[in-house]
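Open the model in your viewer and keep the sequence beside it. We will go from one side chain to the whole fold.

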Amino acid sequence: MARSSTRLRLRVSPGARANAVVGKYGEGWKVRVTAAPEDGKANDAVLRLLAERLELPIKSVTLVSGPSSRDKIVELTGVDAAEAERRLGQPR
């Protein structure tokens with residue numbers, strides 16, 4: 001049986017005061033991370049933040065596009081779109 005997967009659009013703000021999923025941003029999500037946008041540090045921070053918020057192993061969250069852009073697409077394995085939206089929308 002194939003595991004469910006989905007893709008999310010993100011708008012990332014590196015160098016923030018705290019790591020957070022801020023909320024909806026157009027068709028995607030606004031994410032802030034404290035890491036600087038150098039040497040992939042901000043990308044790694046985004047993947048760790050999403051894995052934590054979505055309660056997924058880090059290996060289930062993959063950057064698909066936008067490694068040097070604020071606009072990114074990540075693929076989530078093991079969760080469908082509706083469940084990902086529900087988990088991200090929960091207050092923390």
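Select lysine 30. Lysine 30 is buried but forms no salt bridge. The nearest side chain of opposite charge, aspartate 71, is 8.2 Å away. Buried means under 20% relative accessible area (1.4 Å probe, protein chains only). A salt bridge puts a side-chain nitrogen of Lys or Arg within 4 Å of a carboxyl oxygen of Asp or Glu. Lys and Arg count as positive, Asp and Glu as negative; His and the chain ends are not counted.

This is a predicted model: local features need pLDDT of at least 70, side-chain atom pairs count only at pLDDT 80 or more, and totals for chains, interfaces and linings use all residues. Residues are numbered from 1 along each chain as its sequence is written, and side-chain values use heavy atoms, without hydrogens and water.

Which strand holds lysine 30? Lysine 30 sits in β3. Strands (E, at least two residues) and helices (H or I, at least four) are DSSP runs, numbered from the N terminus.

Now show the sheet. Five strands form an open sheet in the order β2-β3-β1-β5-β4, with mixed pairing. Two strands pair if DSSP finds at least two bridges between them. β2 (20-25) and β4 (61-65) are at the edges with a single partner strand each, so one side of each lacks a neighbour in the sheet.

Select β1 (residues 5-13) and β5 (residues 71-77). They pair in the antiparallel sense over seven bridges. Serine 5 stands opposite threonine 77 in β5.

Last, pick helix α2 (residues 81-89). Helix α2 packs on the sheet and touches β1, β2, β3 and β5, where contact means heavy atoms within 4.5 Å.

Key:
Axes fitted to C-alpha atoms, helices over the stretch in contact; angles between N-to-C directions. Buried < 20%, exposed > 50% of the residue type's maximum accessible area, 1.4 Å probe, protein only.
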